[in-house]
Protein chains: 2
Amino acid sequence: MKSPVAIYDTTLRDGTQGEGFQLSVADKLAITELLDDLGATHVEGGWPGSNPRDEAYFAKAVRLPLSRARVVAFGATRRAGMRCDADTSIQALLSAGTPSVTIFGKAWRFQASRALGISPEENLELIDDTVRYLKARVDEVIFDAEHFFDGYRDNPAYALAALQAAAQAGADALVLCDTNGGTLTHEVSMAVAQVASTTSRPIGIHAHNDAELAVANSIAAVLAGASMVQGTINGYGERCGNANLVSVIPALSLKLGIECIPRDKLALLTRIAHAVDELTNQVPRNNQPYVGRSAFAHKGGVHVNAVMKDSRTYEHVDPQAVGNSRRVLVSDLSGKASVLLKAREHGIDLAPDDPMAAEVLRRVKELESEGYEFEGAEASFRLLISQAIGQRQRYFKLVRLNVSTHLADDSSTEAMQGGTATCELSLSVGGVEADAIARGNGPVHAMDRALRQVVDRFYPALASMRLVDYKVRALSSGDGTAAFIRVLVQSTDGKEVWGTVGVSTNVIAATWRAMVDAIEYKLMKDGMPSMNDATHPGKERVSERA
Amino acid sequence: MKSPVAIYDTTLRDGTQGEGFQLSVADKLAITELLDDLGATHVEGGWPGSNPRDEAYFAKAVRLPLSRARVVAFGATRRAGMRCDADTSIQALLSAGTPSVTIFGKAWRFQASRALGISPEENLELIDDTVRYLKARVDEVIFDAEHFFDGYRDNPAYALAALQAAAQAGADALVLCDTNGGTLTHEVSMAVAQVASTTSRPIGIHAHNDAELAVANSIAAVLAGASMVQGTINGYGERCGNANLVSVIPALSLKLGIECIPRDKLALLTRIAHAVDELTNQVPRNNQPYVGRSAFAHKGGVHVNAVMKDSRTYEHVDPQAVGNSRRVLVSDLSGKASVLLKAREHGIDLAPDDPMAAEVLRRVKELESEGYEFEGAEASFRLLISQAIGQRQRYFKLVRLNVSTHLADDSSTEAMQGGTATCELSLSVGGVEADAIARGNGPVHAMDRALRQVVDRFYPALASMRLVDYKVRALSSGDGTAAFIRVLVQSTDGKEVWGTVGVSTNVIAATWRAMVDAIEYKLMKDGMPSMNDATHPGKERVSERA
């Protein structure tokens with residue numbers, strides 16, 4: 001039996017090198033917690049020297065109550081001709097206060113001279129000195145040998161010497177990086193086996209996907225002796241991305257029987273892969289291995305019949321093992337099990353033959369066909385279940401909403417101010433019609449203010465609640481008509497963060513739905529009785545202006 | 001030197017098993033010609049027995065003047081208990097009139113009994129009989145051994161017996177199919193080497209991507225003795241897709257020096273990969289290896305500097321070899337070097353000490369600090385450079401814009417319609433004040449329609465332009481004020497796709513900026529003179545309603 005493999009995630013650092021992939025500090029913290037849930041051993045959070053955002057992240061991340069994952073700060077070997085204690089980048093690494101630090105250094109002789117402008121010998125000194133300095137000050141020091149495979153091809157002795165320098169200085173792991181992502185799988189196997197024969201230190205692999213081989217190369221490295229895999233969720237990263245941990249993990253776990261994440265966490269894979277897509281506003285790839293919507297979708301009639309007889313005929317693993325589910329594209333037979341599972345997560349137990357379960361399934365399918373997506377909107381899903389089982393309360397009712405936005409005078413584009421927006425809103429709450437007019441610096445802001453003006457009057461518990469994130473995506477429509485728009489809203493009351501979703505061709509309508517769900521979820525979870533259900537003394541009218 | 005490898009494309013057959021991947025007969029014929037241009041040896045066109053569309057395709061495809069590719073008809077072994085000349089599916093294969101036929105048969109003992117309900121011996125007879133019958137009637141017969149690797153794992157002797165039956169009946173190639181896509185790379189290597197030691201017939205590989213290993217498995221099979229690779233353009237296909245030929249071809253050609261497509265065709269790869277996406281209405285994957293927009297895009301400042309010194313530092317192959325090109329991304333990680341390089345990509349040469357260069361950099365940093373992001377918005381960046389160097393033309397000027405959205409009556413949330421939106425717009429174009437009022441199913445739609453109504457009147461070249469994608473992201477603001485909102489718009493004129501960006505606290509204002517940039521970029525790239533610069537005969541007023 002092969003020894004366990006450490007799962008080192010770098011979504012927050014190398015992942016953010018990908019085009020169009022940006023993360024706020026809040027996103028990074030949320031992803032850190034998801035990775036810990038999944039059972040990653042290391043979460044590389046950023047490069048403390050490089051920008052203020054990463055520093056803000058580390059200040060908070062080191063205080064997260066993680067169960068398994070270590071937060072890792074990343075940086076380069078010290079500058080040439082400078083002592084570690086005078087190098088601000090090295091000091092920034094220490095200031096991050098993480099239990100683990102990764103430093104990268106050159107393992108390609110050509111690169112030492114070309115990129116750093118120093119002699120090969122001086123490069124080895126930088127490695128030795130930096131690793132030694134850090135190892136005396138933090139618990140774990142990981143050495144990333146940049147361009148290892150190119151360096152090994154060019155000058156094997158030098159590439160191995162770089163590893164040896166790090167090992168002798170106390171590095172806890174030697175990570176072989178295929179920085180350019182162009183190394184073929186059989187070359188990775190041979191090089192890793194060679195390294196394994198020269199060191200007793202744990203070996204890691206850091207593969208890039210430029211030749212569409214990152215997953216294969218990571219697996220090949222493990223088979224040749226590596227015991228750490230660095231990669232990202234969904235393979236995000238610079239150029240063509242990093243090794244996709246979402247594909248590496250089940251191959252190691254299910255196909256090779258190698259321990260990496262705890263076995264009972266594997267079924268979280270699909271949910272976490274999608275949650276990272278949602279948080280980073282990336283479009284999930286339907287055909288993504290293991291976790292994509294199409295990964296276990298059967299279209300051909302031959303295949304469908306055969307799968308019904310025996311799933312082994314067209315499924316390489318059990319979809320439930322990775323938290324995904326089988327879909328049959330011609331006849332709609334899928335999903336019930338996962339809906340039941342989700343309902344149970346929300347504390348609602350439904351038997352498979354309960355008519356309520358069928359109703360929940362019907363509603364989910366209907367909404368999904370309209371473009372709803374509940375991966376990032378668990379609160380909306382919770383409300384949907386309540387509704388399907390007849391327990392949803394309505395706390396207020398829309399009478400009318402008007403939002404106007406006015407822009408003028410862009411004599412130069414950048415001088416144009418954002419314009420103004422006004423929202424006029426009437427709601428009916430417990431038989432009372434209540435109005436508000438609010439201004440905002442945009443229609444969403446005006447609408448949020450008007451809505452809160454009205455509902456906070458009736459439900460004072462809402463005072464603690466605020467919107468923390470707002471995301472919009474146009475859903476492609478093949479037929480050239482106006483696209484559907486999906487809005488995801490994240491809200492918090494200081495204790496919990498919850499996501500809600502709205503879909504419409506109209507961005508204002510979609511936003512309205514997501515905002516209403518956010519408020520109704522808060523009231524529901526606090527056990528607030530609806531004023532619509534109470535007998536109200538009489539009809540009155542309340543107005544307010546702001 | 002390894003012998004040449006045949007490139008067998010099945011985009012038109014296995015590719016169309018992918019979810020959301022449909023092709024008309026005209027699409028199929030166009031793709032056939034593209035594949036012939038690229039230098040594929042085989043184009044599997046469809047399954048003549050299965051649907052009328054495939055028959056219509058073959059009737060035309062066999063008359064196409066192809067230079068290298070053979071059109072291939074695909075089908076199954078004959079039905080059990082029926083002679084080939086009485087089997088309508090076998091006769092449909094012959095009626096297709098192709099020089100080449102591929103038939104698939106079972107190579108997994110369990111599958112013969114489970115899916116076909118026949119004995120293992122009878123299955124071998126079906127293979128023998130069908131291959132023999134077809135080989136007497138068409139030039140080339142290729143045998144696809146379905147589930148070969150699963151069968152080989154389960155019962156190697158039987159899997160090899162299936163191949164032997166086909167070989168003895170005259171099959172020109174024995175193709176080992178990883179039908180479920182779950183086989184690991186080292187298992188493929190071992191099995192192919194074993195087959196190669198038992199037959200002198202050419203061996204093929206048909207890999208699926210369910211474990212994200214299809215490209216690696218195809219390359220491993222070639223290294224172990226296979227001389228035909230079956231796959232699809234961009235890896236389209238059932239579930240997680242087939243082996244991506246767009247990644248297999250350059251690995252064989254550039255990295256292993258194995259002849260597959262003619263060497264001078266390799267530079268067509270990017271264009272053809274994108275053309276297939278266009279024909280099939282698939283969104284191109286930016287991070288696709290070799291041909292994606294981001295495949296040679298450099299973001300980090302360290303990387304940009306190193307690539308400027310020597311491209312080998314962060315590029316595994318020369319982008320031009322596959323018809324792609326290097327891009328430098330402008331992001332908050334970048335410095336002057338990448339701004340200059342970016343300007344050069346746009347045909348504007350600035351010396352590092354040119355005050356214009358400093359002005360561009362100052363402007364980029366200023367806008368980035370406001371939340372602008374130019375990675376997905378090259379067209380906005382191009383306009384920014386023009387502006388910084390005093391060459392930007394203004395084609396129209398906003399006088400005023402009002403957008404109103406109305407929602408009502410959500411007695412149940414899901415019954416609420418999307419509401420309506422109205423946009424009133426006044427622009428000044430060349431001294432003329434022009435108005436429009438447009439309705440839409442949402443504010444963005446209404447605004448797009450109003451804007452286009454006005455500008456298309458003055459600049460008819462815009463008729464070919466349309467919006468293809470619209471993305472919105474709220475940028476988190478730590479201080480609790482209303483969030484900044486970033487809008488990214490993608491537009492096309494059928495020849496080029498370009499991205500533009502707008503940022504504001506107001507989603508309408510941000511959208512307006514991105515839309516205006518999109519139009520101005522189109523007019524600028526077409527060399528359209530601004531009507532604002534022309535002397536206009538006199539002030540007039542133009543109005544229109546829609």
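Chain B and chain A bury about 9,500 Å² between them, and carbon and sulfur atoms give 50% of that area. The model is a predicted one. The size of an interface is often given as the accessible area lost when the parts come together. Here the contact involves 115 residues of chain B and 116 residues of chain A. In chain B, the residues that lose the most area to chain A are Glu212(B), Arg239(B) and Arg473(B), which together make up 8% of what that side buries.

Phi of Arg239(B) is positive, near 60°, and the residue is not a glycine. Most residues other than glycine have a negative phi. Arg239(B) has a relative accessible area of 3%, so it counts as buried, the cut-off being under 20%.

Now turn to chain A on its own. Its secondary structure comes to 17 helices and 17 strands, and 60% of its 546 residues count as buried. Among contacts between residues at least 6 apart in the sequence of chain A, 68% join residues at least 24 apart.

The domain assignment divides chain A into domain 1 (6-279), domain 2 (298-353) and domain 3 (397-545). The C-alpha centres of domain 1 and domain 2 of chain A are 36 Å apart. Seven residues from domain 1 of chain A and seven residues from domain 2 of chain A take part in the contact. These two domains of chain A bury about 560 Å² between them, with 59% of it on carbon and sulfur atoms. On the side of domain 1 of chain A, Leu254(A), Lys255(A) and Thr270(A) lose the most area to domain 2 of chain A, together 62% of what that side buries.

Next comes the barrel. In chain A, eight strands close into a barrel in the order E1-E2-E3-E4-E5-E6-E7-E8, with parallel pairing. From one strand to the next the twist averages 25°. Strand E1 (residues 6-9) and strand E2 (residues 42-46) of chain A run parallel and are joined by two bridges. Tyr8(A) has His42(A) in E2(A) as its bridge partner. Helix H10 (residues 245-255) of chain A packs on the sheet, where it touches E1 and strand E8 (228-231) of chain A; the direction of the helix makes about 155° with that of E8(A).

His147(A) is not a glycine, yet its phi is positive, about 55°. With a relative accessible area of 0%, His147(A) is buried.

In soluble globular proteins, nonpolar side chains tend to be buried together. The largest nonpolar core of this model has 183 residues, and Phe143(A), Phe148(A), Phe143(B) and Phe148(B) touch the most other members. Leaving out residues up to four places away in sequence, Phe143(A) touches a list of residues that includes Ile103(A), Phe104(A), Ile127(A), Val131(A), Leu163(A) and Leu174(A). A second, separate core of 94 residues includes Tyr395(A), Tyr459(A), Leu398(B) and Ile485(B).

Helix H11 (residues 269-279) of chain A has ten of its eleven residues buried, so it is largely enclosed by the rest of the structure. Among the buried residues of H11(A) are Thr270(A), His274(A), Asp277(A) and Glu278(A). After H11(A) comes Asn281(A), with a positive phi near 55°. In chain B, helix H9 (residues 214-223) is mostly covered, with nine of its ten residues buried. These include Asn217(B), Ser218(B) and Ile219(B). Just after H9(B), Gly225(B) takes a positive phi of about 130°.

The last stop is a set of strands in chain B. Strand E12 (residues 420-429) of chain B is mostly covered, since seven of its ten residues are buried. E12(B) runs antiparallel to strand E11 (residues 397-408) of chain B, and nine bridges join the two. In this pairing Ser404(B) stands opposite Thr422(B). Nine bridges also join E12(B) to strand E13 (residues 432-440) of chain B, again antiparallel. There Ser428(B) has Glu433(B) as its bridge partner. E12(B) and E13(B) form a hairpin with two residues between them, and Gly430(B) in the turn has a positive phi of about 55°.

Methods. Residues are numbered from 1 along each chain as its sequence is written. Chains are lettered from A and ligands numbered from 1 in the order in which they are written. This is a predicted model: local features need pLDDT of at least 70, side-chain atom pairs count only at pLDDT 80 or more; totals for chains, interfaces and linings use all residues. Side-chain values use heavy atoms; hydrogens and water are left out. Two strands pair if DSSP finds at least two bridges between them. Helices (H or I, at least four residues) and strands (E, at least two) are DSSP runs, numbered from the N terminus. Axes are lines fitted to C-alpha atoms, for helices over the stretch in contact, and angles run from 0 to 180 degrees between N-to-C directions. Contact means heavy atoms within 4.5 Å. A nonpolar core is a set of buried Ala, Val, Leu, Ile, Met, Phe, Trp, Tyr and Cys residues joined through side-chain atoms within 4.5 Å. Buried means under 20% relative accessible area, exposed over 50%, partly exposed in between (1.4 Å probe, protein chains only). Domain bounds come from an automatic or database domain assignment. Buried area is the accessible area (1.4 Å probe) that two parts lose on being put together, summed over both.
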